[in-house]
Structure formats: structure tokens, C-alpha cells
Amino acid sequence: MSLKGPGRLVVPAVRALSPYIPGKPVSELEREYGLTDIVKLASNENPWRASEAARAAMRAAVDDIWLYPDGSSFELRNELSRFLGVPIDCISIGNGSNDLLMLLAEATLLPTHNAVYSQYGFAIYPLVIKATGAEAREAPALPANSAMPFGHDLDAMARLIDGSTRLVFIANPNNPTGTWVDNAALERFIAQAGPDTLVVLDEAYFEYAQGFGVADGVRWLAKYPNLVVLRTFSKAWGLAGVRVGYALSHPAVADALNRLRPAFNVNVIGQVGALASLRDPSHMQAGIAQSLTELRFLQEQLDARKLATVPTAANFLLVRVGPHAAKVYEALLRGGVIVRPVSGYGLPEYLRVSVGLRVQNIKFLETLDSLRGSLW
Ligand SMILES: *Cc1c(COP(=O)(O)O)cnc(C)c1O
């Protein structure tokens with residue numbers, strides 16, 4: 001970042017940040033390559049989309065958007081309270097869970113503090129930590145040849161916690177790996193982190209992970225005041241575009257987030273869409289079942305091609321395509337298929353592929369097959 005002009009006014013911690021690189025938007029690929037019929041399997045979005053009830057509610061809410069939203073998102077928090085069996089004063093709503101990750105860091109971290117996350121952990125964690133000037137401590141992940149390749153190593157993470165550790169981020173399952181941690185080990189970790197370290201358990205893929213026996217952090221909330229559980233409407237609920245996530249925490253943490261958040265951080269359409277979704281979870285549940293079927297299909301097809309995949313409890317797969325992964329990514333783009341490169345995570349031989357509809361998965365596989373013999 002330039003140190004001439006107004007750039008020099010930017011605080012050093014922010015100057016040093018590397019921006020988050022999202023999956024390539026469909027419109028960008030259309031512009032760049034003049035393609036149509038693009039398949040995007042790059043951001044773990046839900047191709048079975050939001051329920052018809054949610055979409056109808058959002059369409060109807062357009063008439064009311066001259067009014068500010070309810071800044072407290074009361075109705076949505078009230079519905080979540082019922083849906084989850086968690087007291088309403090433990091619930092915070094964010095503009096996606098990304099918003100809550102930032103608020104948690106801002107609320108708890110001074111430059112003298114540190115926060116812990118895992119190698120191959122979700123890229124937003126080091127970003128929100130470093131933005132505060134605090135030290136970002138990255139624990140080495142489990143090795144490639146373990147049962148959970150590249151997964152969180154809770155023992156390694158625990159070793160990095162000291163008296164100045166205010167936050168620990170655990171994604172369960174993790175993105176971009178899909179891996180998850182053992183339930184008993186996770187509970188022990190939360191207990192041992194102690195009262196002065198908040199454990200942020202990011203359950204963005206919770207709904208997908210249920211069938212894999214992955215922990216439900218909500219049942220630990222009453223027991224561990226240092227636990228914060230994050231969930232989102234962006235993935236299984238099919239509402240990534242309207243940006244709604246939530247945090248479940250001790251009321252004192254919720255109170256801090258409420259003081260710090262922008263006054264109207266969650267818009268009218270998002271609040272209405274999330275509320276209507278909760279009242280009609282059957283569509284979401286059907287999408288989970290279809291996603292699992294398609295995940296199995298993709299896994300089988302990749303196995304048949306001798307392409308290794310990392311165990312996943314989510315709606316995406318980390319696939320090892322080999323040393324030409326960057327070229328495979330580019331060639332897939334030219335074929336109209338967007339997946340996610342993960343070299344930025346230190347996984348240069350891998351690509352992350354979101355589970356799509358059957359036709360989308362087949363287009364991905366066929367485009368991949370067209371590169372066989374040259375790029376993998
Ligand atoms: C997608 C994702 C989120 C959710 O982000 P939103 O801001 O709620 O859309 C959070 N954590 C992880 C690990 C994710 O993959």
C-alpha cells in the first residue's frame with residue numbers, strides 16, 4: 001500500500017492486511033471470457049436455494065425498504081431463541097457471520113493481546129485478528145497423512161494459548177478443508193481454555209455436519225461462559241446474498257457485540273428471509289439430503305479418477321489435482337466452471353469444489369476429464 005498521499009494515514013495494522021479473495025463471481029467470468037451457462041462451485045453456496053416461503057417473504061418485504069430495519073433484529077432473534085432453545089439475550093445477529101467475527105475481534109483484542117487459529121483455518125480469522133493490531137498465532141495443522149489431513153490440531157492450538165490470548169477460532173467443520181474435530185476433545189479444549197479466553201466455534205456448516213456426528217456447540221453454551229458459537233444463513237439456508245449470520249454467547253458478550261455493531265447492520269430483506277426460513281426448515285433439510293447424495297456422487301467419481309479428496313462433513317470437497325492445480329483452475333474457468341484455488345492457504349496442489357446440482361457436478365467432471373493427460 002502506497003505511503004504517499006492519504007495512504008499514509010492508514011494505521012500500520014490495516015496497511016499490512018492482505019484482502020480476502022472470494023470465489024470468482026459468475027458475472028466477472030462472463031465479462032472476461034464472454035461465456036454463458038457458467039457453473040459456480042466456488043463459494044459453498046447452496047444451489048437448492050432458499051425456501052419458496054423465504055423468497056416470497058423477501059419479495060413482499062421490498063415494499064417496506066424505505067423504512068430502516070429493526071436494528072435489534074428482535075423478531076429474528078426471538079424466532080432463533082425458540083428454534084434453538086437459547087435465551088434471546090444470548091443471540092446476536094450480524095451482516096453474515098463475517099460481521100460477527102470482526103465485532104468479536106474488535107470487542108476483545110488490544111495490540112498487546114493475541115488470538116489463536118489453525119493453519120488452513122478459515123482465512124477471515126487472521127484478517128480480523130491482525131486488523132486490531134493483536135498478534136495472530138497460527139497453530140500447525142494435522143499432517144497430510146493423518147486421519148484428518150490438514151485438520152485442526154487442538155493440542156497444538158492449546159499450546160499457543162497464554163495469559164494474553166483473548167480469542168481462539170475453531171471452524172468445525174473447517175473451510176477450506178471440510179475436516180472436523182473430535183467432540184470430546186473439543187469440549188475438553190473449551191474447558192481448558194479457561195475463563196479469560198473466548199473460544200469462537202464457527203459452525204457455518206453445522207446443518208450439513210449433523211449427519212456426520214459433528215458436535216452441536218449450542219449444548220455447551222450454558223456450561224462454558226467462554227464459548228461463542230457462530231452460525232450463518234449463507235450456506236444450508238441458501239441466503240448468502242442477503243448476509244445474515246448469528247452468534248450465540250454469554251449475555252455479556254452479546255451485550256458487547258450489540259454496543260459495537262453498526263446501528264442497522266442487518267437489512268430488512270435479510271431479517272425477513274432468515275425469519276421465514278426458520279419457520280419452514282423442511283426445504284433446508286431436503287437440500288441437506290440432496291447435497292449429501294451429490295457429495296457422495298462427486299467423491300465416487302473423483303475416487304474413480306484416482307484424485308484424492310480430504311474427508312469432509314460440509315458441502316464442499318478439497319481435491320488433490322497435483323502440481324498443475326493453478327492451470328487446471330484456469331482451464332476449468334475457460335470451460336465455464338468456477339472452483340476455488342487454495343494456494344493462498346498453502347495448498348497449491350489442491351482445489352476446493354462446492355457440491356452442486358447433478359448437472360453442475362457432471363459439467364465439472366467432464367471439463368476436468370477434458371484436461372486429463374495434459375494437466376493431471
Ligand atoms: C462461509 C463461511 C462463513 C460464513 O460467512 P457469512 O459471512 O455468514 O456468509 C463463516 N465461516 C466459515 C468457516 C465459512 O466457510
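Salt bridges are the topic this morning, and the structure holds 16 of them. Please keep in mind that we are looking at a predicted model.

Let me begin with Asp162, which forms a salt bridge with Arg137; their closest N and O atoms are 2.9 Å apart. Where do the two partners lie? Asp162 belongs to the loop between helix 7 (154-159) and strand 5 (165-171), while Arg137 is part of strand 4 (residues 135-139), so this pair ties together parts that are 25 residues apart in sequence. Asp162 itself is partly exposed, its relative accessible area being 32%.

I turn next to Arg358 and Glu294, whose side chains meet in a salt bridge at 2.8 Å, N to O. Here the contact joins two helices: Arg358 sits in helix 14 (residues 358-369) and Glu294 in helix 12 (residues 281-304), so the pair ties together parts that are 64 residues apart in sequence. Is Glu294 buried or exposed? With a relative accessible area of 7%, Glu294 is buried, because the cut-off for buried is under 20%. Arg358, by contrast, counts as partly exposed at 34% relative accessibility.

Salt bridges may also share partners, and in this way Lys24, Glu28 and Glu32 are joined into one network.

My last pair is Lys40 and Glu45, which form a salt bridge with the closest N and O atoms 3.0 Å apart. Lys40 is partly exposed, with a relative accessible area of 21%. Glu45 is partly exposed as well, and its relative accessible area is 32%.

Notes: Residues are numbered from 1 along each chain as its sequence is written. This is a predicted model: local features need pLDDT of at least 70, side-chain atom pairs count only at pLDDT 80 or more; totals for chains, interfaces and linings use all residues. Side-chain values use heavy atoms; hydrogens and water are left out. A salt bridge is a side-chain nitrogen of Lys or Arg within 4 Å of a carboxyl oxygen of Asp or Glu. Buried means under 20% relative accessible area, exposed over 50%, partly exposed in between (1.4 Å probe, protein chains only). Helices (H or I, at least four residues) and strands (E, at least two) are DSSP runs, numbered from the N terminus.
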